[in-house]
Amino acid sequence: MINIAICDDNKIIVDMIRKCVSDYMREETTIHKFYNGEDILNASMTIKFDIIFMDIKLSREEQIKGLDNGINVSARIKATQPLAALIFISDYTSYFGEMVHVEPLGFISKPFNREDIIEMLKKAIIRKATIDNSNISVKYYGINVRINLSEIKYFYSQLRKIYIHKDELNQDDFSFYDKLNNVEDKMRIEYPNFVRVNHSYLVNKAFITDYKDNNVYVGSSNIVIPIGRKYIEHVRRSL
């Protein structure tokens with residue numbers, strides 16, 4: 001299942017993109033239509049978007065609400081959904097400098113045609129497949145094992161080794177020699193869904209079940225991991 005969001009205050013534009021997407025997609029897809037930044041922000045609290053088509057220039061009513069423009073709305077969504085492929089749509093090129101900070105997959109200039117939408121859609125699908133199949137290779141009792149990054153609940157460091165916690169029923173975690181800072185840098189590029197919560201733990205946000213009292217709770221067993229003082233603001237922005 002792929003969740004695709006389209007946000008533009010022009011209903012004609014939204015319907016044009018929706019038709020292009022539905023005509024092209026072959027796998028099961030849900031298309032979510034939004035006509036303002038507030039609605040897509042609220043929906044992002046409960047829906048995990050894989051691809052987002054976002055208009056940059058919002059209506060005056062949206063600006064009055066303090067949402068400013070589609071870039072700021074996207075930044076708030078990406079803070080909690082960093083894996084979403086973001087595609088901006090606009091006839092305003094003056095926003096290019098601001099766009100860089102939210103790392104969009106691409107930009108479509110208005111007026112656009114079907115081929116423009118399909119080209120970006122193809123790139124987004126390829127990116128999703130790459131992320132879904134991202135893995136890390138470690139030795140386990142002398143055997144090379146490849147672990148899908150989406151299955152890892154967290155990395156933690158101990159005595160110059162990095163441990164991978166994947167299965168709550170198996171206490172024998174995978175391990176390898178490295179620094180957690182290096183792993184964090186690697187995840188930022190290959191699978192940007194991990195958040196550093198303290199000096200020793202890097203947690204997959206997909207498995208965080210709760211966040212309170214300066215702790216994160218992970219997995220079905222609600223493993224408690226304390227948030228380091230210097231990481232509190234970073235974690236708050238990320239969750």
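Is N69 buried or exposed in this predicted model? N69 is buried because its relative accessible area is 7%, and buried means under 20%.

**View 1. Residue N69 sits in a loop between two helices.** The loop that holds N69 runs between α3 (60-64) and α4 (70-80). The relative accessible area of N69 is 7%.

**View 2. The side chain of N69 faces two backbone nitrogens.** A polar atom of the N69 side chain lies 2.9 Å from the backbone nitrogen of I71. For the backbone nitrogen of N72, the distance to a polar atom of the N69 side chain is 3.0 Å.

**View 3. Five strands make up an open sheet.** The strands follow the order β10-β9-β8-β12-β11, and their pairing is antiparallel. At the edges are β10 (174-177) and β11 (194-196), each of which pairs on one side only. From one strand to the next, the twist averages 25°.

**View 4. Strands β8 and β9 pair within the sheet.** Strand β8 covers residues 154-158 and strand β9 covers residues 161-165. The two are antiparallel and are joined over five bridges. One of the residues to look for is Y154, whose bridge partner in β9 is H165.

**View 5. Helix α7 packs on the sheet.** This helix spans residues 180-190. The strands that α7 touches are β8, β9, β10, β11 and β12 (201-204). The direction of α7 makes about 25° with that of β12.

Terms used. Residues numbered from 1 in each chain as written. Predicted model: local features only at pLDDT ≥ 70, side-chain atom pairs only at ≥ 80, totals over all residues. Heavy atoms only, no water. Pairing = 2+ DSSP bridges. Helix = DSSP H or I, 4+ residues; strand = E, 2+ residues; numbered from the N terminus. Axes fitted to C-alpha atoms, helices over the stretch in contact; angles between N-to-C directions. Contact = heavy atoms within 4.5 Å. Buried < 20%, exposed > 50% of the residue type's maximum accessible area, 1.4 Å probe, protein only. Polar contact = N/O pair within 3.5 Å; in protein donor to acceptor, adjacent residues only side chain to side chain.
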